[in-house]
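Subject: Structure handover

Hello,

Here is the structure I said I would pass on. Please open it alongside this message, as the notes below refer to it throughout.

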Protein chains: 2
Amino acid sequence: MSTRHLSCVETGRAKPSRELLLYLADEFEMPKRAVNDMLLAGGFAPVFSEYSLDDDALAAARDVIRLVLDGNDPNPTTVIDTRWNVVDANTAAFWFTAGVDPALLTTGLNVARLSLHPDGLASRVTNFDEYAGQLLRHMRHVLVLTQDDELRALIDECETYAPTAARTMPTAPDVVLPLRIVIDGVELSFLSTVTTFGTAQDVTLSELSIETLYPADQTTREVLAARPWIDRESDLSAAV
Amino acid sequence: MSTRHLSCVETGRAKPSRELLLYLADEFEMPKRAVNDMLLAGGFAPVFSEYSLDDDALAAARDVIRLVLDGNDPNPTTVIDTRWNVVDANTAAFWFTAGVDPALLTTGLNVARLSLHPDGLASRVTNFDEYAGQLLRHMRHVLVLTQDDELRALIDECETYAPTAARTMPTAPDVVLPLRIVIDGVELSFLSTVTTFGTAQDVTLSELSIETLYPADQTTREVLAARPWIDRESDLSAAV
DNA sequence: CTACTCCATGACGTGTTGGGTCATGGCTCT
DNA sequence: AGAGCCATGACCCAACACGTCATGGAGTAG
């Protein structure tokens, strides 16, 4: 680039294009996070990483994930990646999988598929249409941002499981998502929240989401407090 | 706008400018979330909301916040806005404020000021430089996104409290931020994680962040499990 | 004091591109 | 058969990112 233009950019009298910003970032070997900050400040969309968790990055994150999962006990908590694949979960969360088709548990546990597949949790979710609608909306939102073909395929698949929910237009999404589900013959009521790590500079970790189910009524609270899953922990761990 | 250009935009043979996208979004009265999705998909930076929860939205969020705070007990947890003001916190978190200058507690509790101010926690934080450096780095990151003058002022103020930390260049920040602090004469060791509601790709900062301190060693774990703050809960609630 | 580098800045050219006007022609619906 | 709606081509324009050339001021070194 010309020194003339560089000078103008530096003094703020010329607005650099997205291309130039990326060139400079590369030239200076800026860390991803800083590059994204710079792009945002310049009015451009950030670069999205490859959202593939290599084993090393994941291993480094495991300790933190365990902290969060244990800290949320006895509230069922799942850590998922941007394709809704389960990275890890606490025992309370695995308790949900009792009674689902084993085929869904072997081939890479996926929360979306597990929740919406007829052989998964679908038949036991009392507010299925509401839950499925919100989940699909959330997935489509992430799809817009990542443009991930694999996620697109997952959404297409899931929409066949919840045809009515797929057709409903996205209403204003809430931070919390109610979930009513029958477990061991009892209908439990949860509030599902999704959070993500905010300080992560390592972009890979920021692509993990933490889904926690909080009890929404007294009955559920008591059931969770009793930790009814501890006497079959051996069964559950076998599923993973 | 001309029908000609609209047609081209619709069929994808013309790339609309950020301005045009915003015009269309306004014309169709699109919800903010969808507008941001559209901008991102078009390669532009999203519109940042006013990141001030109006009273109604905040009231609606309070229930969820309480769920999260209670769910994390006994791990000290604080919910803050994008200016590090405390929106709410669980009792364990308020336990930290014992012994700080009451002036810091009355004028709107601010985590950054509380942590870094000499009359706050600073003197009791054993790894002050490390902690302050990371905190400032995080604040500067949010500042880039929000361009909030009030936050800028807070950062300037905090940098005077931690001059050495302010000068250190931002190293690669960690996923978790270690915090060692002396409470009741005992040095406790924590790992601080910050999470936010929503998805990672949601560049629009959700207005609220959740900071949770997990015990980093056995001693701290045991102290927390004993909940040493319950016998002065009355003092603490008076502070808020 | 001089020479040389660094950089901000003005004058000015250029290629790209978002966006507009005008005209045409196919499609559907009455 | 007439009336909209819309996709598309030809063409123009204005904005702007970025370039080249020239100038001149602030340091700095000899």
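This is a predicted model: local features need pLDDT of at least 70, side-chain atom pairs count only at pLDDT 80 or more; totals for chains, interfaces and linings use all residues.

How the two copies are related

Chain A can be laid on chain B by a turn of 179 degrees with a shift of 0.0 Å along the axis, and the RMSD is then 0.2 Å. The two copies are therefore related as by a two-fold rotation axis. To find that axis from chain A, go to Phe44(A): its C-alpha is the nearest of that chain, 2.0 Å from the axis. Both copies use the same surface, as 82% of the contact residues of chain A recur in chain B.

Where chain A meets chain B

The contact takes in 44 residues of chain A and 40 residues of chain B. On the chain A side, the elements that each supply at least two residues are the helices α3 (32-41), α4 (55-72), α8 (128-146) and α11 (203-206), plus the strands β4 (186-197) and β5 (209-215). Sorted by class, that side of chain A has 25 nonpolar, 15 polar and four charged residues.

β4(A) is joined by three bridges to strand β4 (residues 186-197) of chain B, and the two run antiparallel.

The DNA strands

Around DNA strand C there are 15 residues, and those that come nearest are Ser7(A), Met1(B), Arg4(B), His5(B) and Ser17(B). Two or more residues of this surface come from each of α1 (3-11) of chain A, α1 (3-11) of chain B and α2 (18-27) of chain B. The largest share, four residues, is that of α1(A). The classes here are four nonpolar, five polar and six charged residues.

DNA strand D also has 15 residues around it, with Arg4(A), His5(A), Ser17(A), Leu20(A) and Ser7(B) coming nearest. At least two residues each are supplied by α1 and α2 (18-27) of chain A and by α1 of chain B. The surface near DNA strand D has four nonpolar, five polar and six charged residues.

Best wishes

Definitions and conventions:
Residues are numbered from 1 along each chain as its sequence is written. Chains are lettered from A and ligands numbered from 1 in the order in which they are written. Copies are superposed by least squares on the C-alpha atoms of residues with pLDDT of at least 70 in both. Two residues are in contact if their C-beta atoms, placed from the backbone, lie within 7 Å. A residue is near a molecule or strand if its C-beta atom, placed from the backbone, lies within 6 Å of it. Ala, Val, Leu, Ile, Met, Phe, Trp, Tyr, Cys and Pro count as nonpolar, Asp, Glu, Lys and Arg as charged, and the others, Gly among them, as polar. Two strands pair if DSSP finds at least two bridges between them.
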